[in-house]
Each structure stands twice: as C-alpha cells, then as structure tokens.
Amino acid sequence: MTQREQKLAFLAGAVLLAIVGWKGLDAWILKPVREQKNEIERLASDVDKLEYEERELLAARANLKYAQDLSLPDDPLLAQRIYQEWLTELANAFDFRNLEVKPGPRSSKNKIYTSVKVSLGASATHEQLSRFLYVFENAAVLHRISSLHLDCKEHRGNPLIEIALDAEALSMPGSLDRDSIFPRFKLPAPLTENETTLKLAEAGVPAGFPQTAPFLIKIGKELIEVKAAGTAEWKLERGVKGTAVSAHSSDDQLQLLRWREDSSRISEKEIARIVANNFFVKPAEPVDYNPQLDPIGNKVATRGQTLSFRVTSSGFPPETP
C-alpha cells in the first residue's frame, strides 16, 4: 500500500470513527436534551392553553353573573307578575292610552332559564312611543321586544298610534329574589312640584340604591334624575325623559330605574331629532316663500321732530323669527 493510499485509508477511518462517535454522542447526550426541550415546549403550550381556558371561564362566569343581575327572580310566576307590573308602570309614565297589559306564555330550557312573556296593547303618540322604547331598551333588565305591530290611520298633525307589543324577559336560577324589578321605598315626606331636593330618612341611602350620582328614579308617572347624592338628601332634576312634573304624597313609591352598563345610550339631542321626525305623518307640501319688506309709504321728516314708523315683512317661513 502506497503512502497516498495509507493517508486515504486513515482519513476514511477517521471519518467513519467521527460518524460512529457522533451517533453515540447524539444518542447519549443530545437526544435526551432534545426530548427534554420538546417536553418543556409541550408543557408551556399546555400552560398557555389552560391559562386561556381559565380566562374564558372567568369571562363566562362574569357574563353569567351580569346576566343573573339583569334577570328576573328564579320563580317564574313571581317573575312574570313583577315584569307585568313594571311594564304597566312604564307605559303609564308616558301616558299610554287604552292600556291593556296581559301575561303571556312561559317556557323553560333545561333549567337554564325561563322565558316569560307579557303582551301590551295601547294607543300613544310618536313621541310617547319613542321615549318608552328608549327607556325599555336601556333599562337594566334581561328582556327584549319579541314582536311589535304599529298602526296609524291618520297621517296629519300628531296622531295616535295603535300599539301591539310582545315583551319577553328571562328568569334565571341564582338571580336576586325580590318583589320588584328595581329597589324601591316609600317617600319619607311629600314632594311638591317645585321641590328639587329630596330629604332621605334617618337611615340614609336605602339598600340597592347607588351611592353616587347621577342616576334615575321614578315616582308615579314622573322620571327624575338625581344630580347629586348625599347620605341625607338628593338634588333632583324633575320631569326628565319627556315625563311631566307632578306632586307626590308620602304614600307614593320611589323606584330606581337602573341603566344597562353595556348600552350605548344616545343623547337627548338625538332623541329630540327622532321625536321630531315622525315617519307616520306625511311631510307637508313644499311652499315657495317670497320674503320681502312691506311698503312703508311716503314719510315726511320735519326738522326738530322725531320721525318713527314700523317696518313689517311678509313672505317668510312661519318658523323664521
């Protein structure tokens, strides 16, 4: 064997030895390291998945708790009774006429919830209906309007709309057991039409009412906004949301009207725009106006004397000042 062949054989043997040695090193040291690394990555992935599932579970529990706070009491008969009473009071607050509110069917689903329905029939103006629907939509109650039929036979002026409405609310296990949808108490003293301060009883703020303002309350047909809330008295803005200011006796009930936290309420300006655009009324025919100043005739001015006269105009739109 020549020297060159010996070097080639030595090189081939070295390469073979390196390959065999690397495989041994890989099997003895590197493979267990890789397996441990893969196991760590798998466990980390499992931890991330469990943390995500835990967050999902916490969110679901929070949503369930919020739904229970909004739902009617667990007893379906009690739930339907107080919901019917609340719906009747709300319709009366906006002066619905020929009001008739009846209980409807109830249906349960796997002990998860019970649906209670109430049917309402009445007559109301467009403004009364719009404001009623605004409060209904934003009230902190787990409910909805499942059907609504409106009929208006007159299309001029401010006609009455015939309303046929089905409202549906949910009663859920775990919800607060109570005899009214929102907390209420008797007025500690009469409240006149001009008063803007309500003095509380010695016990202070009643249970279930907010400690901070603003919030809405209802006394009889009147909705009132509490602008400042102390432990001894509340500062009031009377007759809000389109309701009329009226006097109340000490026998009247004061009830909280709680808003949903997740509702995107529109402004009073937007409500006014909706009320003004009555789609049941035909728009007036366009009128071509020709605004002009009326003739004043011939006037004579005399030195040293006051000249006065009135300038009138005509042809302006009626709403122009």
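Strand 1, residues 97-109, and strand 2, residues 113-124, pair in the antiparallel sense over 9 bridges. Strands here are DSSP runs of E of at least two residues, helices are runs of H or I of at least four, and both are numbered from the N terminus. Two strands count as paired if DSSP finds at least two bridges between them.

Before I go on, the ground rules. This is a predicted model, in which local features need pLDDT of at least 70 and side-chain atom pairs count only at pLDDT 80 or more, while totals for chains, interfaces and linings use all residues. Residues are numbered from 1 along each chain as its sequence is written, and side-chain values use heavy atoms, with hydrogens and water left out.

Staying with strand 1, Asn-98 is found there too. Its phi is near 50°, a positive value in a residue other than glycine. Most residues other than glycine have a negative phi, and most peptide bonds are trans. Asn-98 is exposed, at 65% relative accessible area. For these labels, buried means under 20% relative accessible area, exposed means over 50%, and partly exposed is in between, with a 1.4 Å probe and protein chains only.

Lys-241 also has a positive phi, near 60°. Lys-241 sits in the loop between strand 9, residues 233-237, and strand 10. Is Lys-241 buried or exposed? Lys-241 counts as buried, because its relative accessibility is 15%.

Ala-213 and Pro-214 are joined by a cis peptide bond, with omega about 5°. Pro-214 is in the loop between strand 6 and strand 7.

That brings us to strand 7, residues 215-219. It is mostly covered, with 5 of its 5 residues buried. In a regular strand the side chains alternate between the two faces of the sheet. In strand 7, Phe-215, Ile-217 and Ile-219 point one way, Leu-216 and Lys-218 point the other way, and all are buried.

Which strands does strand 7 pair with? With strand 8, residues 222-229, the pairing is antiparallel over 5 bridges. Leu-216 has Glu-225 as its bridge partner in strand 8, and Ile-219 has Glu-222. Strands 7 and 8 make a hairpin with 2 residues between the strands, where Gly-220 takes a positive phi near 60°. With strand 10, residues 253-257, strand 7 pairs in the antiparallel sense over 4 bridges. There, Lys-218 has Gln-255 as its bridge partner.

Next, a residue in strand 4, residues 161-171: Ala-167. Ala-167 counts as buried because its relative accessibility is 0%. Leaving aside neighbours within four places in sequence, Ala-167 is in contact with residues including Tyr-83, Leu-87, Phe-136, Arg-144 and Lys-117. Contact means heavy atoms within 4.5 Å. Ala-167 and Lys-117 are 50 residues apart in sequence, yet 5.7 Å apart in space, C-alpha to C-alpha.

On the surface, Leu-293, Ile-296, Leu-307, Phe-309 and Val-311 form a nonpolar patch with about 460 Å² of accessible area together. Accessible areas come from the Shrake-Rupley method with a 1.4 Å probe, and for residues only the protein chains shown count as cover. Patch residues have over 30% relative accessible area and no salt bridge; like charges are joined within 9 Å, and nonpolar side chains (Val, Leu, Ile, Met, Phe, Trp, Tyr) within 5 Å. A salt bridge is a side-chain nitrogen of Lys or Arg within 4 Å of a carboxyl oxygen of Asp or Glu. Leu-293 lies in strand 11, residues 292-293, and is exposed at 62% relative accessible area.

Finally, the chain totals. There are 4 helices and 12 strands. Buried residues make up 30% of the 321 residues. Of the contacts with a separation of 6 or more, 68% are between residues 24 or more positions apart. The accessible surface comes to about 21,200 Å², and 54% of it belongs to carbon and sulfur atoms.
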